[in-house]
Amino acid sequence: MSEIKQIYWSQLNFLEWQLIVATTENGLCFIGSNQGTITELEKWMRKRYAEFKLIQADIKLASVLESLTDYLAGKQRDFKIKVDIVGTDFQKDVWESLKAIPYGETRNYSMIADSIERPKAVRAVGTAIGANPLLIIVPCHRVLGKNKRLTGYRGGLAMKERLIALESAK
């Protein structure tokens, strides 16, 4: 019998931003798309856990929400938040590479593949980036197509464009 995974969640509301944010006892595990609903979190959880229970926990997530608000207000560039990321070793390598992209800078998929010493794995890198559960914290919005154009983003291209514009205003 598998243990029921407890997932604590809250919703960030700041200006035009509305994000569902979730954590386990081990750290932050999910940030949803802008204007996303709890259903987005539920779908994500079903793919990762056989059984889970969602518990609204605004106080438990208060410091995370404060950090995200400071980022969206242009007051914070880096995050020191404990995370609990579920993924393959390859995905985790890609996500670590994304975290190394400096605030306000962008890379392309080939550059990410090169950074993890898998230069022929560009498509797989794109798939791993699309599976990133921690939008903003693991800054996949900083990855553009080779032609420097916006490409797919789990949160939608409008959200990606807003995040890049926010960081460009530094």
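Mentor: Residues are numbered from 1 along each chain as its sequence is written, and side-chain values use heavy atoms, without hydrogens or water. In this predicted model local features need pLDDT of at least 70 and side-chain atom pairs count only at pLDDT 80 or more, while totals for chains, interfaces and linings use all residues.

Trainee: How many bridges join strand 1 to strand 4?

Mentor: Strands are DSSP runs of E with at least two residues, and helices are runs of H or I with at least four, numbered from the N terminus. Two strands pair if DSSP finds at least two bridges between them. Strand 1 (residues 5-14) and strand 4 (residues 52-56) run parallel, and the number of bridges joining them is 5.

Trainee: Is Asn108 buried or exposed?

Mentor: Asn108 lies in strand 5 (residues 107-108). Buried means under 20% relative accessible area, exposed over 50%, and partly exposed in between, with a 1.4 Å probe and protein chains only. The relative accessible area of Asn108 is 13%, so Asn108 is buried.

Trainee: Which backbone nitrogen does the side chain of Asn108 reach at 2.8 Å?

Mentor: The side chain of Asn108 reaches the backbone nitrogen of Ser110 at 3.0 Å. At 2.8 Å, the backbone nitrogen reached is that of Met111.

Trainee: What is the volume of the largest pocket?

Mentor: A pocket is an open set of points on a 1 Å grid over the protein atoms alone, where a 1.4 Å probe fits, with protein on both sides within 12 Å along at least five of seven lines; lining residues have an atom within 4 Å of a point. Here 13 residues line the largest pocket, and Asp78, Phe79, Lys99, Ile137 and Pro139 lie nearest its centre. A volume is the space filled by probe spheres set on the points, and for the largest pocket this is about 210 Å³.

Trainee: Which helix gives the most to the lining of the second largest pocket?

Mentor: The second largest pocket holds about 160 Å³ of space. Its lining includes Phe30, Glu40, Trp44 and Arg154. With 5 residues, the element that gives the most to this lining is helix 1 (residues 38-48).

Terms used: Polar contact = N/O pair within 3.5 Å; in protein donor to acceptor, adjacent residues only side chain to side chain.
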